[in-house]
Amino acid sequence: MKLTGKVAIVTGAGRGLGRAHALMLASLGAAVVVNDLGAELDGSGGSADAAESVAAEIIAAGGTAVANPDSVATSAGAAAIVETALRAFGRLDILVNNAGTTGGLVEFGDLDDDRLMSVLGSHLIGCFNVSRAVWRPMAAQGYGRIVNTTSGVGLFGMGRGVAYAAAKMGIVGLTRSLAIEGAAHGIKVNAIAPIAATRMAGPVFGALDEHLDPARVSPVVAYLAHADCRITGRVFSVGGGRVGEVFFGAADGYFNPELTPDDVAANLDAALDHTAFVLPTDAMDEVDITARMHGLCGIATNKHGD
Ligand SMILES: NC(=O)c1ccc[n+]([C@@H]2O[C@H](COP(=O)([O-])OP(=O)(O)OC[C@H]3O[C@@H](n4cnc5c(N)ncnc54)[C@H](O)[C@@H]3O)[C@@H](O)[C@H]2O)c1
């Protein structure tokens with residue numbers, strides 16, 4: 001699998017997972033914009049050193065790269081990142097949205113505005129900003145690949161990580177809806193939920209750490225960034241050499257056109273039953289469950305068809 005002639009932006013590529021993705025894409029022949037604000041774990045500070053050292057590492061290995069130190073958290077920063085790609089390499093094919101800071105673990109009652117906005121800004125708004133900035137050039141050329149980064153914390157929940165979780169689940173919504181819009185423009189949009197031993201993860205994975213080299217996540221990013229990628233709007237749980245889809249289902253549940261509160265209480269087990277379900281590819285697929293119960297079918301028309 002080669003990426004010769006392709007141009008990629010990897011955000012937050014100065015260390016950890018982003019660095020591994022940048023090295024992987026460059027080793028396959030892509031020219032890479034190594035973006036990193038050089039932020040501390042809590043989002044403070046900033047330095048071009050991290051981005052520059054990874055760009056130098058790629059060039060020393062015979063690859064092509066340029067460093068960029070702008071923040072994804074502002075639309076001006078995102079525009080500068082895209083401008084760096086277009087100025088250096090003249091085109092743009094791949095965006096890996098990876099940058100972000102957790103803001104640390106904090107009880108919900110202690111979550112202040114600064115911490116909330118810093119976490120939403122670097123992850124969710126950052127993902128919006130850079131995706132919006134690449135959208136027009138990608139749509140104009142009728143081709144693009146966007147790989148977003150969500151998290152098991154967002155997908156499945158974790159106490160004291162509510163802002164981060166909300167940002168990361170927002171990225172799933174962005175991914176699935178952007179995939180639908182992207183279909184008309186040849187743009188495929190998928191997401192990964194990585195598991196890797198990095199600065200951000202700290203000691204949380206314990207004995208598993210030795211198996212969690214971030215480089216074991218990057219092959220999935222490379223596939224999703226490749227022209228041969230045949231899926232869009234999907235989310236993958238990836239880490240330590242494992243890759244598996246995270247999927248979203250809606251149960252058929254309990255149906256009664258005369259539904260009452262007492263009915264809900266009496267039939268909660270039926271509503272929670274997972275025996276019959278659908279895996280919607282868009283919002284209308286979910287509506288179709290109710291349509292089917294009312295004897296209608298085929299009202300879902302808004303398909304992105306991967
Ligand atoms: N490590 C894991 O197990 C894990 C699990 C789930 C999700 N993730 C996600 O993977 C991504 C990478 O995480 P990591 O573990 O490599 O963390 P990391 O802290 O090692 O690296 C993140 C990088 O992003 C940069 N960054 C932060 N804010 C930025 C901004 N506004 N603009 C540009 N760069 C910015 C930082 O300077 C840093 O170099 C993050 O989105 C994270 O939420 C990681």
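The expected span of a helix is 1.5 Å times one less than its number of residues. Helices (H or I, at least four residues) and strands (E, at least two) are DSSP runs, numbered from the N terminus. The model is predicted, so local features need pLDDT of at least 70 and side-chain atom pairs count only at pLDDT 80 or more, while totals for chains, interfaces and linings use all residues. Residues are numbered from 1 along each chain as its sequence is written, and side-chain values use heavy atoms, with hydrogens and water left out.

**Helix H2**

- Helix H2 covers residues 49-60, and at 1.5 Å a residue its 12 residues should span 16 Å; the C-alpha atoms at its ends are 16 Å apart, which agrees.
- Which residues of H2 are buried? They are Ala-50, Ala-51, Val-54, Ala-55 and Ile-58, where buried means under 20% relative accessible area, exposed over 50%, and partly exposed in between (1.4 Å probe, protein chains only).
- Seen down the axis of H2, these buried residues fall within an arc of 130 degrees, so they line one face of the helix; the arc is that of the directions from the helix axis to the C-beta atoms.
- On the face of H2 turned away from the buried side you will find the exposed residues Asp-49 and Ala-60.
- The cover over the buried residues of H2 includes helix H1 (16-27), strand S2 (31-35) and strand S3 (64-68).
- After H2 comes Gly-62, which has a positive phi, near 95 degrees.

**The sheet**

- An open sheet is formed by 8 strands in the order S3-S2-S1-S4-S5-S6-S7-S8, with mixed pairing; two strands pair if DSSP finds at least two bridges between them.
- S3 and strand S8 (242-246) stand at the edges with a single partner strand each, so one side of each has no neighbour in the sheet.
- On average, neighbouring strands of this sheet are turned by 20 degrees against each other, direction ignored. Axes are lines fitted to C-alpha atoms, for helices over the stretch in contact, and angles run from 0 to 180 degrees between N-to-C directions.
- H1 lies across strand S1 (7-10), S2, strand S4 (94-96) and strand S6 (187-195), and runs at about 170 degrees to S1.

- S1 and S2 run parallel and are joined by 4 bridges, and Ala-8 stands opposite Val-32 in S2.
- Strand S5 (residues 144-149) has 6 of its 6 residues buried, so S5 is largely enclosed by the rest of the structure.

- Strand S7 (residues 235-239) pairs with S8 in the antiparallel sense over 5 bridges, and Val-235 has Val-246 in S8 as its bridge partner.
- Ser-237 is found in S7. Is Ser-237 buried or exposed? Ser-237 is buried, with a relative accessible area of 11%.
- The side chains of Ser-237 and Arg-242 are joined by a polar contact of 2.8 Å. A polar contact is a pair of N or O atoms within 3.5 Å; within protein, one must be able to donate a hydrogen and the other to accept it, and residues adjacent in sequence count only if both atoms are side-chain atoms.
- Neighbours within four places in sequence aside, Ser-237 is in contact (heavy atoms within 4.5 Å) with Ala-193, Arg-242, Val-243, Gly-244 and Val-246.

- Asn-68 is found in strand S3 and is buried, with a relative accessible area of 2%.
- The Asn-68 side chain reaches the backbone nitrogen of Asp-70 at 2.9 Å.
- Leaving aside neighbours within four places in sequence, the contacts of Asn-68 include Val-33, Ala-51, Ala-80 and Thr-84.
- Ala-80 lies in helix H3 (residues 75-89) and counts as partly exposed, at 24% relative accessibility.
- Ala-80 and Asp-70 are 10 residues apart along the chain, and their C-alpha atoms are separated by 7.0 Å.
- With neighbours within four places in sequence left aside, Ala-80 is in contact with Asn-68 and Asp-70.
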